[in-house]
Amino acid sequence: MPTDTQLKPVLSVQHVSLGIRRSEGHWDPLVRDVSFDVGAGMRYGLVGESGSGKSMTLKAIAGLLPRGVEVIEGQAWFGDEDLLTMSAGRRRQIMGPKLSMIFQEPMTALNPTMRVGAQIAEGPRRHLGLSKKAAMDLAVEMIARTGIPDPVRRARAYPHELSGGLRQRVMIAMALSCQPALVLCDEPTTALDVTVQDQVLRLLTQLCEDMGSALVFVTHDLAVISQTCSRLSVMYAGQIMEQGSVRDVYRAPLHPYTEALFESAPDFDDPERMLKPIPGLPPSLTHPLPGCAFAPRCRHVVEACTTSAKQLAPVADSRLTACDRVHEIFEVNA
Amino acid sequence: MLGRLKFVPMRILQAVPVAFGVTVVVFLLVHLIPGNPAESILGAQATPARVAALSKQMGLDESLPQQYLHFLSNLAHGNLGQSYTYQTSVLSLVLQRVPVTLTLVLYSVVLMLIISVPLSAWAASRPGGARDHAVRVVPLVGLGMPQFWVGVMLLLVFAVGFKWFPVGGYGQTFSQHLWYLFLPALTLAISVSPVIIRSLRSSMLNVLESDYVATARSKGAGGWSLFSGHVLRNAVIPAVSIVGVNVGYLVGGTLVIEQVFAIPGLGSLLIGSIQARDFPSVQAVALFVAVFVVVVGVLTDIVYTLLDPRVDLTRRIEV
């Protein structure tokens, strides 16, 4: 398995498959054979449309899979521990001080009956052994660091008294309060007003940089990835289609899906370009196709694409693609 | 926090018309009985002269509105009339009984919570599992059985059979009260718990699936810290109003259960007074029970506001 960084990665996801168990030994697959490495302090992007399995992968890493969804195979190495087989007790020890998560919906992700200061202080009290007073001081300091004015007063507010942008800042303060090595972000700016998206994004990356925390960033927004991440995986129908550095992939995609995804999104450097939607719909997860999952919607499709399963394979310097015909379709600079 | 409780004086004011309505109904109680109340008090053998004398004494010769005004003015002076059977002031009679019934009601609410909260949490921790089905079905049996029958059964098994509890009465000291009232309070709790368990179970399931519980887990909360810190308070909020409504039902239940366990509370006073056609006593008990239910309504609103910071009853809703 080629690694994404020279250093030992903070998180190494190896061949993870997730599914809904239908009967003994039979699963409906949601995520198939996903592997990626996140280096220390790195910002890693997982991009894909709804239902591509990107959020599910993140939830598996965080141990927050919904009822019914199971890990079929694979490991997620965090240091020398596998997050997917870790005991519930050990998981509680590392959630917060080592690994934390930021959720998509700031409206519902905060406890409505608890003051936000107390919610931020909860983790530090539990994990850093701080007194109530010290934890609350830390919470106020974290609120201040997220750029919320009048932090002492805001710490006493309930979530419903804050706007969406402020709540997401509180969420960020909460996730970073114990200086974790890795922060998992599930579409952290999607639910926000466009005018505050950018501020929140900058704040998040800045704070993670200050604390040396690595980020895994799940989003469908290509612009967000290009702004924040250094490496990415493009996911489609539960599989990784392409993997590489953000710069390389954005300059010259090496998978027809990535190419089509870019063409379907607006590009502010070239506002004259027409948007090209991808025809068709993603395949049903319960009836996986025998060949390439993207074949029915691919403009370069040939007979061979629909018969044999595709594997993510290296094509160029630290770039991987799941397309067999990459050399026929794209110009590869090895 | 306190600002949101500004609704309380207003809410109490709103209860005043309700209280007036109650006085009208209580006043008319006497007149709902067919025939002349004086006749029904004195029985079939009474001479017309005695009936006429009693009618005059009760003020029945006046017009209905006049009688009501009299009733109200007496009420305002704390005079609820004289009991025919006990020959004392009805007010002192009722005030003697109120603490007994009140203790019984509060005791059964406490027992109900002790039964419902752990059971519903236990069920919600494995939805669809065997324990969940058991918790959903078994308490329904309690709902299906008539209260007085449950009371008699508990009495036969635990008081008569095992002799763990006294057969009846109220006791002298507080700890004795708790011991004497355990079986009757349990009877009432058994009849109300199924409703509370079901509502708590479903609200706990909702809370457990909520995003903020996932957030709490991502901070390393789990087990007791998750339940006490994030689940319980949020899950209890919808159940509070159901408990509030059911306290009214509990008061109705105490009236019957007090008979079964020979407890000297409002219920036994009421039933005794009805049998003796002691109308002033009946009126006084009905009035106290109604006022109690109104007070519980206000208390429910206060508890609700204290538990949920999003509730603000001081704000008017513009439609």
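Predicted model: local features only at pLDDT ≥ 70, side-chain atom pairs only at ≥ 80, totals over all residues.
Figure 1. Eleven helices and twelve strands make up the secondary structure of chain A. Its C-alpha atoms fill a box of roughly 65 × 55 × 35 Å along the principal axes. The radius of gyration of chain A is 21 Å. A compact globule with 334 residues would have a value near 20 Å, so chain A agrees with that expectation. Of the 334 residues of chain A, 47% count as buried. Among contacts in chain A between residues at least 6 apart in sequence, 64% join residues at least 24 apart.

**Figure 2. An open, mixed sheet of eight strands in chain A.** The strand order is S6-S7-S8-S3-S9-S10-S12-S11 (chain A). The sheet is open, and its pairing is mixed. Strand S6 (99-102) of chain A forms one edge, and strand S11 (313-316) of chain A forms the other. Each of these edge strands pairs on one side only. Neighbouring strands of the sheet are turned by 20 degrees against each other on average, with direction ignored. Helix H10 (residues 256-264) of chain A packs on the sheet. H10 of chain A touches strand S9 (231-236) and strand S10 (239-245) of chain A. The direction of this helix makes about 95 degrees with that of S9(A).

**Figure 3. The hairpin of S9(A) and S10(A).** S9(A) and S10(A) run antiparallel and are joined by six bridges. One bridge pairs Val234(A) with Glu242(A) in S10(A). Two residues lie between the strands of this hairpin. Ala237(A), in the hairpin, takes a positive phi near 50 degrees. How many of the seven residues of S10(A) are buried? Six are, and the strand is mostly covered.

Figure 4. S10(A) and S12(A) are antiparallel, paired over two bridges. Glu242(A) has Thr321(A) in S12(A) as its bridge partner. Glu242(A) is also the bridge partner of Val234(A). Glu242(A) therefore has a bridge partner in S12(A) as well as the partner Val234(A), and pairing of two strands takes at least two bridges between them. Strand S12 (residues 319-321) of chain A also pairs with S11(A), in the antiparallel sense and over three bridges. There, Ala316(A) is bridged to Arg319(A) of S12(A). S11(A) is an edge strand of the sheet.

**Figure 5. The contact between chains A and B.** Here 24 residues of chain A are in contact with 18 residues of chain B.

**Figure 6. Chain B as a whole is helical, without strands.** Chain B has 13 helices and zero strands. Along its principal axes, the C-alpha trace of chain B spans about 85 × 60 × 35 Å. Of the 319 residues of chain B, 33% count as buried. Among the contacts in chain B with a separation of 6 or more, 69% are between residues 24 or more positions apart.

**Figure 7. Two domains of chain B and their contact.** The domain assignment of chain B gives domain 1 (12-76) and domain 2 (93-307). Their C-alpha centres lie 35 Å apart. Eleven residues of domain 1 of chain B and ten residues of domain 2 of chain B take part in the contact. On the domain 1 side, helix H1 (7-32) and helix H2 (37-42) of chain B each supply at least two residues. H1(B) provides the largest share of that side, eight residues. What is the class make-up of the side of domain 1 of chain B that touches domain 2 of chain B? It has ten nonpolar residues, one polar residue and no charged residues.

Notes
Residues numbered from 1 in each chain as written. Chains lettered and ligands numbered in written order. Helix = DSSP H or I, 4+ residues; strand = E, 2+ residues; numbered from the N terminus. Axes fitted to C-alpha atoms, helices over the stretch in contact; angles between N-to-C directions. Contact = placed C-beta atoms within 7 Å. Domains from an automatic or database assignment. Nonpolar A, V, L, I, M, F, W, Y, C, P; charged D, E, K, R; others polar. Buried ≥ 20, exposed ≤ 12 C-beta atoms within 10 Å, placed from the backbone. Rg over C-alpha atoms; globule rule 2.2 N^0.38 Å.
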